[in-house]
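This report concerns strand pairing and salt bridges. The structure is shown first, and the discussion follows.

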Amino acid sequence: MANNISFPCSIILLLSIIFFFFINSSHAMPSFNVQRYGARGDGRTDATNSFLTAWSLACRSRARAMVYIPRGTYMVRNLVFWGPCKNVITFKIDGTLVAPANYWSIGNSGYWILFAKVNRISVYGGTIDARGAGYWSCRKKGGHCPQGARSISFSWCSNVLLSGLTSFNSQNMHVTVHHSSNVRIQNIRIRAPSGSPNTDGIHIQSSSGVTITGGTIATGDDCIALSQGSRNIWIERVNCGPGHGISIGSLGDYANEEGVQNVTVTSSVFTKTQNGVRIKTWARPSRGFVRNVVFRNLIMRNVGNPVIIDQNYCPNGRGCPRQVNNLVDLA
């Protein structure tokens, strides 16, 4: 007669936990910690090459991979993270990235942190500080200045998530999305002084399927700017101000220009901004257009122009074109 063997419930539970961790450990996401490749979070040591090495290894991984930036302050020069990558990439920032103190170090490239031709990338958390004050001072004095760098950019990318990032003091635009699709930006915080020139919070061009939800944008130019070729854009629960508001345009720069269509701005608050929501076009011939735009459930507090449609845009008042413009379909 066979013996009946009975295991206590605690042993069965322990075996189940061990089995769970054994199975999942074999599928754990490879993590490429920048400190492993020489990065020091002291705010002084150049960590650029360490970041690029971690990215290169993660991008070549055949499994889902993570580039991890632990707590600390990391000084980095221009970073270009090229794709395509072999699998899904997570870029997790628990620390702070700062630009070199000399604004020329990143100012001539046009970009500080650039993701290019990457599909399926998620960037989480952290802080980036471009230390733009010296560059703004140069611009205001009319001196010999570089073109200025955008802080974090996505170009020719798809299936992008940018979540929980804080961006301070960009030389130029804080976040740009160009020639990309299926992009989600959520719970972002952007800050630069109200007098800082051309520091758009988020700039979108030639991109489709971009969703911006949650966040606070206080800067010296547009909180969000939609340029030519922006399609299927959803903006919700954004706190804007100070700044110039949320703008479509300027459009009509070129005769053959992509149009802007299917844009919704909803449930957002504008505080002490120059404008609320704005459409601005040059008065010159163009094949461009603006159509299917919805502004709704917006709160304006001490706003100069809550809603403005300007089809004779010419900010400096010199050499303004006089062509009748009908880019905006008001029907």
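## Salt bridge of D94 and K92

D94 is partly exposed, at 30% relative accessibility (buried means under 20% relative accessible area, exposed over 50%, and partly exposed in between, with a 1.4 Å probe and protein chains only). Its side chain meets that of K92 in a salt bridge, at 2.4 Å from N to O; the term denotes a side-chain nitrogen of Lys or Arg within 4 Å of a carboxyl oxygen of Asp or Glu. K92 is likewise partly exposed, at 25%.

## Basis of the values

The model is predicted: local features need pLDDT of at least 70, side-chain atom pairs count only at pLDDT 80 or more, and totals for chains, interfaces and linings use all residues. Residues are numbered from 1 along each chain as its sequence is written, and side-chain values use heavy atoms, leaving out hydrogens and water.

## Other salt bridges

The whole structure contains eight salt bridges. One of them joins R44 to D42, with the closest N and O atoms 3.9 Å apart. R44 is exposed at 62% relative accessibility, whereas D42 is partly exposed at 23%. R40, D42 and R44 are linked in a network of salt bridges.

## Parallel strand pairing

Strands are DSSP runs of E with at least two residues, numbered from the N terminus, and two strands pair if DSSP finds at least two bridges between them. Strand β6 (residues 89-93) pairs with strand β9 (residues 119-124) in the parallel sense over four bridges; I89 has I121 in β9 as its bridge partner.

Strand β9 also pairs in the parallel sense with strand β12 (residues 158-163), over five bridges. Here V123 stands opposite L162 in β12.
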